[in-house]
Every structure is written in structure tokens, then in C-alpha cells.
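This report is a first walk through the structure shown below. It takes the chains in turn, then the nonpolar cores and a few loop residues.

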Amino acid sequence: MGKAFDPSLIIEFIPTLFHYLGVTLQILAASIFLGLILGVAAAIPRMFKIPILNQLVILYVSFIRGTPILIQLFLVFYGLPAVLQIIKIDVSKLEAIYFVIITYAISNGAGFSEIFRGAIRAVDKGQTEAAYSVGMTSTQNFFRIVMPQALRIAFPNVANSVIGSLKDTSLAFTIGVMDMMGRGDTLISATAHALEVYISLSIIYYSVVLLFEKTLGKLEKYFNRYQKADLSAAA
Amino acid sequence: MINLKGIKKSFNKSEVLKGINLKIEKGEVVTILGPSGSGKTTLLRCLNFLEKPDGGMVQIGNIKVDTEKATKKEMLTIRKQSAMVFQHYNLFAHKTVLQNVMEGLIVAKRVKKKDARYRSELVLEKVGLKDKLHHYPSQLSGGQQQRVGIARALALNPEVILFDEPTSALDPELVGEVLSVIKTIAKEGITMVVVTHEMSFAREVSDRVLFMDGGVIVEEGTPLEIFHAPKEERTRRFLQRISGDSFFPPLKERVN
Ligand SMILES: Nc1ncnc2c1ncn2[C@@H]1O[C@H](COP(=O)(O)OP(=O)(O)O)[C@@H](O)[C@H]1O
Ligand SMILES: [Mg+2]
């Protein structure tokens, strides 16, 4: 058990912890960015039913869905160096944060690939036929007609993933990354005021999530400007 | 000019088009009647290769394609000879009315943006939508959306415009505005192939009426011939069924 509860410590801890928000956001930004690329790459074999790759992606997605992210993190942290050792690449000096980014990119990539695939399929096929009927090629149709609308459809789900991912970054400290959570961990060791640290952390995470939700919500509205719900606003 | 020779198409081993031969002259307005499932839509879609026919020859304007050997490039070339108006409009939902019409001109025909805009505004004025240029499709009524669909086709200045039941998804009170736009452009000498269930419209605008059933053209003729003196039993039965006996007044009344 820790020491007696002291609420004033919360006010004191918040700035200290907040200082490490940058690391958290770095992990988030890098893993979302790489995850988006991986998601597109993984959606392609699924959409075009490319043999073997298609099955591999199915396995990849179901494995990521079916295992806890913490375990994925350990698998990458311990497994990746071992695998790379075989081809004589030494990553033992690599900072822990890179393993976190790789893990979350892989995890986000699986989610994004499913989101993208669903979104592309959800775009009305009639519009593709209309695009062909005015003489567009399939590439022109994809980039000018399908993709812009698929992005709109995908957006709310991507936004949810971003927020989920932001919270998941709090696991990075388990492999020694000094993000907000990692700093919190050391604060607890130093002060033995665990509850105050966790309250401070929850306040920061919660505020950042609210801010994200608000911003992403605004963006979503912008994407939806041509949808029926906006009829009265735009008319 | 359009020339189809022996167009065949099957879906899952059931033959939907059983060797269609059809010649359409420049400026001709041809309507296609026929029961549901008779292959009318498939025929239109084979004309612009939204469906690839299994066999036969398609010629539109100067472009002639042997469907069995058709390459992607050939299909694209012949597709650019025509434009299509869809039953469910199929407008680009993320683009404004003006952008919907400009899109094909800019992307497929590589018309300069300024010229495309000029031409698009002109056709949109023709279909009565000059005041809706910057609206999105979701902000329009069905009739207005279909008129955008017609403008989009018209703007391309194609050899032929294909209409697939352009009014059958519309509320009854909106059918008139769309039909009157189609009638106007029919009078301008644009070649048109129209699949429709609007009998009085077909009678009024067509130079020629085809009756399709079971994947073949059962009968063709002038509106007068088809509506008043159909030779085939199948045609007669279809017309009776779709219109009820009272719909066709005696010939005398109709001539004036
Ligand atoms: N893409 C498709 N796949 C399978 N069957 C189809 C397809 N398109 C049309 N058909 C079938 O072909 C037949 C003719 O359809 P269609 O050309 O749409 O007729 P119509 O327009 O005269 O009602 C129908 O039996 C329909 O079910
Ligand atoms: Mg049809």
C-alpha cells in the first residue's frame, strides 16, 4: 500500500507527466501513419483476391484481432531481434520506442485494412458504372470516384482506431519506454503515491481523448458535407 | 450509326441475349419494350461494354469491335462513343451538379477545364438546372437528379445516348419533367436508344419501337405498327397486359 492520499500531489504531478505527452503522441503519429500504409497494402490482396497473399492477410488480421496487444508487443520486442539475427541484422541496440511503433503499426494496419476494404465495398457500384459510361478508366474511377467516398465512409472508424490506439500506447512502458505512463511508473516508485499518479494520468489521457474526439468530429462533418443530413445547412 | 451483329450474352449458362442483330441510323430514336428479364438492360450494357458480350460484333460510329477479341483499350474506345442514363441516376455523390457533368469531359475527354465548365453550364441550362449548379445530388429531387444524369450524358456529345428506364425509379409526379427533357433532346437529332415502360412516351418520340422477349427482338416497327397492329401474339399480349384494354383509344382519335 502507498502513503495517505494527498490531492495536491495530483496538481503537482500533472505538469511533470504532461511533459511526456510528446513521446506518447510520437508513438501514436508514427504508428498510425505506418498503419495506414500497411492497411492499404493489406487491403489490396483482399480486394483483388490475390492468391496466397489474400490468405496471408486473412491470417494476419485474425491473429491481430485474436491476441492481446500486450502480447503482440512482447512478441515483437523479443521476436523481431531473434528473427533479424538469422539474417545477420543486429537490432539489440535499437531503442524500445521503435518496437512499440512497429507493434502498433502492425496492429493498426490490420484494423485499417478491414476498414478500408469495407469502405471501398460500401461505395455505390452504380457510380463506378457511371464513371465507366462517361469513358473513365478503372484507375481514374478508383482515384476520382471511389476513393474520395471510401475515405469519408472509413473516417469515423479510423478516428475510433486513433483514439483507441492513443490509449493503447500506455502499454509501451512495459518494455521500458519513457512515455507518460513510463514516467508515471517511475513517479510511483519514487513517491509511493500511486493513486495520485493514476488520477493525474487519467486526467491527461481523458483531456487528450476529448480534444481528439472534438477535432476528429469536426473533420468528419467536413467530409460529410455532401451527405443528406447536411441538406438544410448547405441548401 | 450503330450496328450490332449476333450479340450473345449468357449469365451462369442461361442465355440472356440470343444473337441480337440491330442497325440504328444516325439521329434515330429507338425505344425498346419488353417484359422484365427479357434482356433489355443487358443489351444496352453490351452496347457500352459494361457487360462484355460473349460473341458478336458491335459498331458505333467509326469504331468496330469484335466482342470475342475485344481488348481493354478497344472497349474503352467504343465506350467513349456512347453515354448512358441510368435507372437510379448513379450520380457521383461527392460532386456537385456542375462537377458531375464536367467530370467526364475533363477526365475522359481531356477537355480544358474552362471549356468543360462552359459546355456543362450550357447543357445544365437546357435541362432546367441552371440554378442548381453547386448543389450536391443528395439535395435534389429524383427528377432533378435524373436531369443531371441526362445532362452528364449530353455534355459528352456522344454518338448515341442509352437510356435504361430513366423514369421508372421516379415518383409519378416527377416523371413528366424528365420525359419532357428527353423529348426535347430527341427532337434535336441525337441518336437515342431508350428502354422504357412509358407507352405514350414511346409512341410519341420513337422513330422505331423494338419489342424484346426472351433474349431476342421479337418484333420491330414504327410506333403505329407496334402499338396498333402488332404482328406477333407475344407483342400483343405484352401491350395488353401493361396498358389494360382501355388505354389504347381507337386509331381514328389518335391520328390527329
Ligand atoms: N450480372 C448478372 N448476373 C447474373 N444474371 C444477370 C445479370 N444481369 C442480368 N441477369 C439476368 O439476365 C436476365 C435479363 O436481365 P435484364 O437484361 O436486366 O432484363 P430487363 O432489363 O429486360 O428486365 C435476367 O434473368 C437477369 O436475372
Ligand atoms: Mg432492365
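In which helix of chain A does Ile37(A) lie? Ile37(A) belongs to helix H2, which covers residues 21-47 of chain A. The model is predicted, and every value in this report is computed from it.

Is Ile37(A) buried, exposed or partly exposed? The relative accessible area of Ile37(A) is 48%, so this residue is partly exposed; a value over 50% would be needed to count as exposed. Ile37(A) and Gly109(A) are 72 residues apart along the chain, and their C-alpha atoms are separated by 7.4 Å.

## Chain A as a whole

Chain A has 10 helices and 0 strands. Read from the N terminus on, its elements run α-α-α-α-α-α-α-α-α-α. The C-alpha trace of chain A spans about 75 × 55 × 25 Å along its principal axes.

Chain A has 235 residues, and 41% of them count as buried. Among the contacts in chain A with a separation of 6 or more, 78% are between residues 24 or more positions apart. The chain exposes about 12800 Å², of which carbon and sulfur atoms supply 69%.

## Chain B as a whole

The secondary structure of chain B consists of 10 helices and 10 strands. Its radius of gyration is 18 Å, close to the 18 Å that the globule rule gives for 256 residues, so chain B is as compact as a globular protein of that length. Along the principal axes, the C-alpha trace of chain B spans about 55 × 45 × 30 Å.

Of the 256 residues in chain B, 57% are buried. Contacts between residues at least 24 apart make up 63% of those in chain B that join residues at least 6 apart in sequence. Chain B exposes about 11500 Å², with carbon and sulfur atoms supplying 48% of that area. The chain has 40 positive and 31 negative charges, whose mean positions are 6 Å apart.

## The nonpolar cores

The largest nonpolar core has 77 residues. Which of them touch the most other members? They are Leu124(B), Ile150(B), Phe163(B) and Met192(B). Helix H6 of chain B, residues 172-186, gives the most to this core, with 8 residues.

Phe163(B) shows what such a position looks like in detail. Leaving aside residues up to four places away in sequence, Phe163(B) touches Leu44(B), Val85(B), Ile150(B), Ile182(B), Ile185(B), Met192(B), Val193(B), Val194(B) and Val195(B). Another core lies apart from the largest one and has 33 residues, including Phe112(A), Phe155(A), Val162(A) and Ile188(A).

## Two positive phi angles

Most residues other than glycine have a negative phi. Phe49(B) has a positive value, with phi near 60°. Phe49(B) sits in the loop between helix H1 (40-47) and strand S4 (55-60) of chain B. At 3%, the relative accessible area of Phe49(B) makes this residue buried, the limit being under 20%.

Asn157(B) also has a positive phi, near 50°. Its place is the loop between helix H5 (142-155) and strand S7 (160-164) of chain B. Whereas Phe49(B) is buried, Asn157(B) is exposed, with a relative accessible area of 57%.

## Two glutamates in loops

Glu159(B) lies in the loop between H5 and S7 of chain B. With a relative accessible area of 26%, Glu159(B) is partly exposed. What does Glu159(B) touch, not counting residues up to four places away in sequence? Its contacts are Met1(B), Lys26(B), Ile60(B), Gly61(B), Gln81(B) and Thr191(B). The C-alpha atoms of Glu159(B) and Met102(B), 57 residues apart along the chain, are separated by 18 Å.

Glu165(B) is found in the loop between S7 and H6 of chain B. Why does Glu165(B) count as buried? Its relative accessibility is 13%, and buried means under 20%. Not counting residues up to four places away in sequence, Glu165(B) touches Lys40(B), Gln87(B), Val195(B) and His197(B). One of these, Gln87(B), is 78 residues from Glu165(B) in sequence and 5.2 Å away in space, C-alpha to C-alpha.

Conventions:
Residues are numbered from 1 along each chain as its sequence is written. Chains are lettered from A and ligands numbered from 1 in the order in which they are written. This is a predicted model: local features need pLDDT of at least 70, side-chain atom pairs count only at pLDDT 80 or more; totals for chains, interfaces and linings use all residues. Side-chain values use heavy atoms; hydrogens and water are left out. A nonpolar core is a set of buried Ala, Val, Leu, Ile, Met, Phe, Trp, Tyr and Cys residues joined through side-chain atoms within 4.5 Å. Buried means under 20% relative accessible area, exposed over 50%, partly exposed in between (1.4 Å probe, protein chains only). Helices (H or I, at least four residues) and strands (E, at least two) are DSSP runs, numbered from the N terminus. Contact means heavy atoms within 4.5 Å. The radius of gyration is taken over C-alpha atoms; the globule rule is 2.2 Å times the number of residues to the power 0.38. Accessible areas come from the Shrake-Rupley method with a 1.4 Å probe; for residues, only the protein chains shown count as cover. Lys and Arg count as positive and Asp and Glu as negative; His and the chain ends are not counted. The place of a charge is taken as NZ of Lys, CZ of Arg, CG of Asp or CD of Glu.
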